[in-house]
Every structure is written in C-alpha cells, then in structure tokens.
Amino acid sequence: METKVILEMENITKQFPGVKALSGVSLTVHEGEVLALLGENGAGKSTLIKIIAGVQPQDSGTMIFDGQERHFTDPMQAKRAGVSVVYQELTNVPLLTVAENMFINQYGDKNRVLNWKKMYAEAREILQNAGLDIDVKKLISDCNIAEKQQLEIARAVYENAKLLILDEPTSALNTREIAQLLDTIKRLKAQGMAVILITHKMDEIFPVADSVMVLRDGVTVASKPIGEATEDELISLMVGREIKNMYPPKGEVGGEVILRAEGLTNASIRDVRFELRRGEILGVYGLMGSGHLELGKTLFGCFPKTAGHVELEGRELRLTSPKACIERGVAFLPGERKDEGIVQIQTVAVNMMIPSYEKPGSPKRIDARRERQVANKWIEKLAIKTNSHQTIVETLSGGNQQKVILGKWLEIQPKVIILNEPTRGIDVGAKVEIYKILKDMCRDGVSVIMITSEMPELIGMADRALVMHEGALQCVLQRDELTENRIMSAAIGGTGNE
Ligand SMILES: Nc1ncnc2c1ncn2[C@@H]1O[C@H](COP(=O)(O)OP(=O)(O)OP(=O)(O)O)[C@@H](O)[C@H]1O
Ligand SMILES: [Mg+2]
C-alpha cells in the first residue's frame with residue numbers, strides 16, 4: 001500500500017557567514033516512516049530541521065508539507081501545520097510546571113481565562129495516554145532529561161503533530177530510557193506519525209528506522225532504505241574514512257594513588273570511599289537518582305559534603321568551591337552543556353580561557369594574543385568545526401560546542417579531570433579522537449573520573465569502574481569484570497556478579 005508523502009524537500013541550500021551548511025539537499029518522508037538522519041558534527045542536520053520547523057529560512061529550494069508548498073516563517077506556523085520538534089537543547093520552561101508547559105502554546109490567546117482545574121485534568125489525561133507517570137504539578141526543573149523529552153513528545157502528540165522531529169533525543173538517556181523512547185517512536189509510527197530521528201548512536205537506528213540519510217558537509221552522501229545499509233558503511237559515509245578500533249588499547253595502570261575519598265557523604269551520596277591512581281581512568285556508572293552525577297559535582301566543590309574527606313596527593317582537597325578545586329588541579333566537565341558548560345553568547349576563544357583565569361599564577365588581565373593561541377591550539381587538536389576563534393559559540397553545532405568545553409578544561413592541564421558524559425552529542429569519528437586524547441593524557445599522568453551512561457564507552461575506556469546505587473557505592477568492578485551484565489546488575493542493587 002502506498003502511504004502518503006508528508007514532507008518533500010528539494011534542493012535546499014543554506015549559507016551562513018563563512019559556512020555552507022546545506023547545499024542541494026532533498027528528502028522525502030512518508031506517513032508512518034521513521035527517517036534516521038546521520039552526519040558528523042556540523043554536517044548540517046540541525047540546520048535542516050530548523051528550516052523544516054520555520055526557525056530559519058532556507059536560501060533556496062522548496063518544501064512541500066502535507067500536500068502544500070510551504071515556507072514557514074515562524075515556528076508557531078510550522079507547529080500549527082503539524083511539525084513538532086524536540087530540540088537538541090530542550091526548550092521547556094524550567095520554572096513552570098509540567099501542566100503549564102504542556103499548554104504553553106495556548107497562553108498567547110488573550111481572551112482565554114485559565115481554568116486550572118481543567119488544565120491539570122487534561123494534562124493528566126495526556127500523560128496517561130502517553131503512558132507517563134509524572135506529577136503534572138512538578139516543576140520542569142525537577143524533571144530529569146528523559147522525563148522532559150517524553151513530555152515534549154507527549155505534547156507533540158496532543159498538538160496533533162504529523163511530523164515529529166527528534167534532534168539527538170537519546171544523547172542524554174541511559175540504556176533503559178533509550179529503550180523506552182524507541183518504543184514510543186515505534187508506537188507513534190504505528191499510528192501513522194512520520195518521524196525524523198537524528199542520532200550519533202548508530203546501533204539504535206536499525207530497530208526503528210525505515211530509511212536513512214547521511215549528510216556530509218551539507219551534502220547528501222547517502223539516502224536509502226535501512227535494509228540496504230550496514231553500520232560500518234554508514235560510519236564510513238559519515239566520517240569519510242573507515243574506523244577500525246573505537247577504543248585505544250588499555251595499558252597497565254601502575255601509578256600511585258593520587259586521590260583518595262573516604263566516607264564522602266551529603267544529601268545525595270553516603271559513605272563513598274574509593275581511590276584513584278595516577279594515569280587511571282575510573283568509570284562511574286549509575287541509574288538516575290543513584291548519586292553518580294552528584295558524586296562528580298561533590299568532588300568539584302559544587303555540593304558541600306556533610307561528612308568524609310578527600311585527599312589529593314596526600315593533602316586534603318577542600319571541597320568548598322569549584323575555584324578551590326581548580327586551584328588544586330581538578331577539572332570538571334559538566335553534563336548539561338547549555339546551562340553549565342558554556343557561555344553561549346561569547347566567542348570560542350573567551351570560553352576556552354575561562355577556567356585558565358582561575359588557575360593560580362595565571363595573569364588576571366585578558367590577553368587577546370594568548371586567547372587566540374590557546375583557542376587555535378584546541379580548534380586544531382580537537383578538530384573543532386568553527387569559522388575562527390572569534391565565532392560566537394551559540395552558532396556552533398552541538399557537538400562542536402561540546403568540544404570547546406573539553407578544550408577549555410584540558411587547557412588548565414589538570415591532575416584530575418572529572419568528565420560527565422564527555423562524548424554527549426559527539427560524532428563517531430570525533431569520539432575516536434577524544435578517546436585517544438584522553439588516553440594520551442593518562443599516559444602523561446593525568447587521572448580521569450569518567451561518569452558515563454554509555455555502556456560501550458565505559459567498558460571500552462575504563463580501567464576500573466564504580467557502580468552507584470541509591471547514593472551508595474554498590475561495587476567496584478575491575479577491568480576484567482567490566483561487562484554490561486555485571487554493571488547493570490550492580491546498578492539495580494545487585495552484587496555485580498553475573
Ligand atoms: N546561526 C548560525 N550562524 C552561523 N553558523 C551556523 C549557525 N547555525 C549553524 N551554523 C553552522 O552550520 C554548520 C551546520 O551546523 P548544524 O548545527 O546544522 O550541524 P549538526 O549536523 O546538527 O551537528 P551536531 O551533530 O554537532 O549537532 C556548522 O558549521 C555550524 O557552525
Ligand atoms: Mg545538531
């Protein structure tokens with residue numbers, strides 16, 4: 001049976017100052033079809049969907065949506081026509097409740113008086129239909145990322161979307177949450193929803209996608225049914241080369257203990273004790289609410305401890321503030337890029353230098369030449385796709401913003417670097433580069449605490465791993481014990497034995 005074409009784009013072109021983001025891109029999506037859109041960081045994926053959604057106009061090319069030629073000039077217009085987007089950086093309003101966010105698009109109507117009772121009841125019904133067990137009066141800021149995403153999808157369904165676009169929806173989710181999301185996509189697809197799914201995780205597209213399109217430097221390099229594609233082939237198309245080994249070989253870690261935590265306790269963690277050796281990569285895994293994220297922040301002075309202590313190189317590390325930790329050579333790459341990681345409206349160079357000014361002995365005056373040198377060094381080392389060191393970070397693609405954050409922390413030459421989801425939103429090719437850089441750093445004596453929800457990354461990179469459960473350290477897995485089963489077993493409160 002022929003299904004109806006929902007979206008047809010032809011010859012789309014988009015130029016930004018100094019960057020041709022898209023040239024001659026065409027695509028077709030049918031009702032009930034899931035199209036996986038792949039490509040390196042900066043390939044043009046988000047730009048393409050912003051054009052569909054009326055956030056940015058194309059320079060040339062045509063778009064037919066739901067049978068009509070369209071040229072959406074603002075996102076509300078696109079939304080009303082049936083295009084719903086869950087963006088790479090989530091857009092719900094943190095200080096409003098779940099229900100308020102649900103109906104936020106209707107607030108604009110001046111003549112409508114809010115009926116709170118009705119609003120809560122309707123919100124409850126929408127959540128129930130979507131199979132979500134979330135309190136409608138909960139503040140968005142109290143929801144985790146998976147909940148926020150599911151809420152945005154539920155809202156799209158409620159608003160009768162015909163095309164749902166998900167821009168890297170799984171980059172911040174754990175294994176279980178990803179499975180849930182993929183189920184949601186399958187359910188919507190069965191109801192005839194067309195879906196465009198952008199992701200850097202190749203393994204998750206095969207179970208849900210019907211077709212796949214790969215962009216490279218703004219040009220379509222492949223567009224075919226998923227059945228005709230293989231993972232290796234797609235990776236080569238994306239990055240323009242074959243990738244044999246994702247993870248560098250693990251060497252011996254014979255270094256002395258550099259950091260020792262004992263009885264570390266606060267509102268989120270209790271009695272956490274571990275040692276970190278020089279040159280070691282210590283993985284940290286936990287499900288939502290296990291305290292794994294808070295452990296990282298506690299070690300960087302973001303949350304006060306109520307008991308316990310931490311020693312760095314035999315001397316107490318006072319966890320009073322991030323500044324105090326930076327001064328001792330501890331760096332921290334946060335998980336929430338937009339809120340915690342970067343100053344969006346500043347240039348690449350300014351962002352790169354921020355932690356360096358906190359380092360003892362660093363000149364307190366802004367030095368434009370040094371800024372340029374530092375920025376250019378990391379732009380080259382991390383292959384950051386940017387026009388120049390003076391580009392405003394906001395205009396970089398998501399993955400390239402992440403690389404800027406990594407660069408600014410590597411610049412302080414930390415002794416210990418705590419990474420929270422270091423490769424979130426980073427493409428496969430760049431991941432390989434980053435893993436190599438981390439491994440080289442370890443060889444030079446830097447120690448890494450790597451909090452990650454990506455199992456393959458944890459298993460591929462960690463020398464040992466801490467698994468957290470309900471605020472406590474459930475077990476420490478040695479290198480040869482790092483298997484998916486053991487990690488998961490410990491994360492849900494088991495012993496970590498298979
Ligand atoms: N508003 C803007 N101003 C200037 N350049 C921009 C703007 N938006 C995007 N670009 C540039 O266009 C190119 C494509 O960016 P886009 O965000 O579409 O990439 P992407 O494929 O989504 O990458 P990622 O996987 O990192 O999210 C990049 O070089 C980016 O820097
Ligand atoms: Mg993007």
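How far is an oxygen atom of ligand 1 from an N or O atom in the side chain of lysine 45? The gap is 2.7 Å, and it belongs to a predicted model, in which local features need pLDDT of at least 70, side-chain atom pairs count only at pLDDT 80 or more, and totals for chains, interfaces and linings use all residues. Residues are numbered from 1 along each chain as its sequence is written, chains are lettered from A and ligands numbered from 1 in the order in which they are written, and side-chain values use heavy atoms, with hydrogens and water left out.

**Around the ligand**

| Residue | Protein atom | Distance to an oxygen atom of ligand 1 |
|---|---|---|
| Glycine 44 | polar backbone atom | 2.9 Å |
| Lysine 45 | side-chain N or O atom | 2.7 Å |
| Glycine 398 | backbone N or O atom | 3.4 Å |

Taken alone, ligand 1 exposes 630 Å², and the protein buries 89% of that; these accessible areas come from the Shrake-Rupley method with a 1.4 Å probe. The ligand takes up the space of the largest pocket. A pocket here is an open set of points on a 1 Å grid over the protein atoms alone, where a 1.4 Å probe fits, with protein on both sides within 12 Å along at least five of seven lines. A molecule sits in it if more than half of its atoms lie within 2 Å of its grid points.

The shell holds 21 residues, of which Gly42, Lys45, Thr47, Ser397 and Gly399 come nearest; a residue is near if one of its heavy atoms lies within 4 Å. By type, five are nonpolar, 12 polar and four charged, with Gly counted as polar. Two or more residues each come from β2 (19–30), α1 (45–52) and α14 (398–410), and α1 gives the most, with three. Helices (H or I, at least four residues) and strands (E, at least two) are DSSP runs.

**Two open sheets**

Strand β2 turns up again in an open, antiparallel sheet of four strands, ordered β2-β1-β4-β5. Its edge strands, β2 and β5 (68–69), each pair on one side only; pairing takes at least two DSSP bridges. Two bridges join β4 (residues 60–65) to β5, and isoleucine 64 stands opposite glutamate 69.

Another open sheet of four strands, also antiparallel, runs β12-β11-β14-β15. Here β12 (272–277) and β15 (315–316) stand at the edges with a single partner strand each, so one side of each is left without a neighbour in the sheet. Two bridges join β14 (residues 307–312) to β15, where leucine 312 faces arginine 315.

Note on methods: A polar contact is a pair of N or O atoms within 3.5 Å; within protein, one must be able to donate a hydrogen and the other to accept it, and residues adjacent in sequence count only if both atoms are side-chain atoms. On a 1 Å grid over the protein atoms alone, a cavity is a set of points where a 1.4 Å probe fits but cannot get out, and a pocket is an open set with protein on both sides within 12 Å along at least five of seven lines; lining residues have an atom within 4 Å of a point.
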